[in-house]
Amino acid sequence: MFMLRLGRCVDVLYSSMQTMHMLRLGRCVDVLYSSMQTMHLPDPTLRVTLTASRIASSLYLLCDHMLWLSGTGLVAMDSKQWSQWSNKFWLYSITMNLVRDVYEISNLLKANTYVTSQKHYFGHSSRIDVIPGNPLDSSPNQYLKLIEWIVRHKNVCVDTLKNFCDLWIPMTALGHTRLSAQTIGFLGLLSSLIAILQD
């Protein structure tokens, strides 16, 4: 009786995994379609990085699907080659995301520096004074300002940290770096936790 129930649970789990992969196929198409919208962004840096990232992400999901089909025995293919392509597309997508993050952080710092200069020009009575100074200056409160700046712009900071953690996984899989399995596991876990916090 116990073995029969266990067998049913395994069947349900297997069916659920198949359903998840089918849903990911839909996500692959959805991500590719979304790249058509980012092609019309006015900012050239965001237009290139977002579009390239989404196209690469879509191709990564496609490769992941092909690997799943190969694992089920439905399609005969070179799994090692497809795995290499999968990691390459994933790495390219992460790299574009990091470039976008650095670009956004750079713009925020420039805007913050401008507002700080305006604050000093207009005096402390101005409403511009509510924005803190440059978090990277050499004042005694440098670290407090940096923390305050990170809290104010936590979305881009958290996204940068997640992409930085993800970066090393395909880098190691492709042989560009030699991190231990424990380190890769920790980075993957940290990235997953950050993704949960983002949601």
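In which helix is the place of Tyr33? In this predicted model, Tyr33 belongs to helix H1, which covers residues 2–38. Its relative accessible area is 52%, so Tyr33 is classed as exposed, the cut-off being over 50%. Together with Met36 and Met39, Tyr33 forms a nonpolar patch on the surface. The accessible area of these three residues together is about 340 Å².

Attention may now turn to the aromatic rings. A pair of aromatic rings is described by the distance of the centres and the angle of the planes. Across the whole structure, three aromatic pairs are found. One of them joins Tyr60 and Trp90 in a stacked arrangement, at 5.5 Å centre to centre with 25° between the planes. This pair links distant parts of the chain, 30 residues apart: Tyr60 lies in helix H2 (residues 44–72) and Trp90 in helix H3 (residues 79–122). Tyr60 has a relative accessibility of 18% and therefore counts as buried, for which the cut-off is under 20%.

Another pair consists of Phe164 and Trp168; because the planes stand at 85°, with the ring centres 5.7 Å apart, this pair is edge-to-face. Both residues are located in helix H5 (residues 154–173), where they are four residues apart, about one turn of the helix. Phe164 is partly exposed, at a relative accessible area of 42%, and Trp168 also counts as partly exposed, at 25%.

The cysteines remain to be considered. Cys63 is buried, with a relative accessible area of 3%, and Cys157 is likewise buried, at 18%. The structure contains zero disulfides.

Notes: Residues numbered from 1 in each chain as written. Predicted model: local features only at pLDDT ≥ 70, side-chain atom pairs only at ≥ 80, totals over all residues. Heavy atoms only, no water. Disulfide = S-S within 2.5 Å. Buried < 20%, exposed > 50% of the residue type's maximum accessible area, 1.4 Å probe, protein only. Patch = residues over 30% accessible without salt bridge, like charges linked within 9 Å, V, L, I, M, F, W, Y side chains within 5 Å. Areas by Shrake-Rupley, 256 points an atom, 1.4 Å probe, with all protein chains shown as cover. Salt bridge = Lys/Arg side-chain N within 4 Å of Asp/Glu carboxyl O. Helix = DSSP H or I, 4+ residues; strand = E, 2+ residues; numbered from the N terminus. Phe/Tyr/Trp six-rings, centres within 6.5 Å; stacked < 30°, edge-to-face > 60°.
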